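Subject: A structure for you to explore

Hi there,

Here is the structure I promised to pass on to you. Have a look at it first, and then read on for what I found in it.

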Amino acid sequence: MVIVMRILWLKSKNDKKNFIFQKNLGLDVYELEDLEETDKKIEELKVGYHTIVVSNEVASFSSDIIRKYAKDDGINIIIARGKNEY
């Protein structure tokens, strides 16, 4: 039995620092044009993915990340710190 975990990295289209490595490896990196659409886009994307890693910038535009998705067993949302946030 093979279990496939689909992971998506979500960042702003203007973000030139985060998830470059993942993108260069050909992994699924989605770039949001409008950060105000973050919650809507996560809702659309969660159907095909088990885990969505969002940049800190994108997370700041979501009202549902903590309130809604923390209790949703169908999706894991991970907020990644930016390169300059260490």
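This is a predicted model: local features need pLDDT of at least 70, side-chain atom pairs count only at pLDDT 80 or more; totals for chains, interfaces and linings use all residues.

Let's begin with helix 2, whose buried residues are Thr 38, Asp 39, Lys 41, Ile 42 and Leu 45. Here buried means under 20% relative accessible area, exposed means over 50%, and partly exposed is anything in between (1.4 Å probe, protein chains only). Helices (H or I, at least four residues) and strands (E, at least two) are DSSP runs, numbered from the N terminus. Looking down the axis of helix 2, you will see its buried residues fall within an arc of 165°, so they line one face of the helix. That arc is the one of the directions from the helix axis to the C-beta atoms.

What covers those buried residues? The cover includes strand 1, strand 2, strand 3, strand 4, helix 3 and helix 4.

Residues are numbered from 1 along each chain as its sequence is written, and side-chain values use heavy atoms, with hydrogens and water left out.

Two strands count as paired if DSSP finds at least two bridges between them.

- Strand 1 and strand 2 (residues 29–32) run parallel and are joined by 4 bridges; Ser 12 stands opposite Leu 32 in strand 2.
- Strand 1 also runs parallel to strand 3 (residues 51–55), again with 4 bridges; here Trp 9 stands opposite Val 53.
- Strand 3 and strand 4 pair in the parallel sense over 5 bridges, and Val 53 stands opposite Ile 78 in strand 4.

Strand 1 (residues 7–12) is mostly covered, with 5 of its 6 residues buried. In strand 3, have a look at Ser 55. Is this residue buried or exposed? Ser 55 is buried, with a relative accessible area of 1%. Beyond its neighbours within four places in sequence, Ser 55 is in contact (heavy atoms within 4.5 Å) with Leu 10, Lys 11, Asp 15, Asn 18, Phe 19 and Ala 80.

Next come the nonpolar cores. A nonpolar core is a set of buried Ala, Val, Leu, Ile, Met, Phe, Trp, Tyr and Cys residues joined through side-chain atoms within 4.5 Å. The largest one has 14 residues, of which Leu 10, Ile 42, Ile 52, Val 54, Val 58 and Ile 65 touch the most other members. Strand 1, helix 2 (38–45), strand 3 and helix 3 (56–59) each supply at least two residues of this core. There is also a second, separate core of 5 residues, which includes Trp 9, Phe 19, Val 29 and Ala 80.

Finally, how many salt bridges does a search of the whole structure find? The search finds 10, where a salt bridge is a side-chain nitrogen of Lys or Arg within 4 Å of a carboxyl oxygen of Asp or Glu. One of them joins the side chains of Glu 43 and Lys 68 (3.0 Å, N to O). Glu 43 lies in helix 2 and Lys 68 in the loop between helix 4 (64–67) and strand 4 (76–80), so this pair ties together parts that are 25 residues apart in sequence. Another salt bridge is made by the side chains of Asp 72 and Lys 46 (2.8 Å, N to O). Asp 72 is in the loop between helix 4 and strand 4, and Lys 46 is in the loop between helix 2 and strand 3, 26 residues apart. Salt bridges that share partners join Glu 43, Lys 46, Lys 68 and Asp 72 into one network.

Enjoy exploring!
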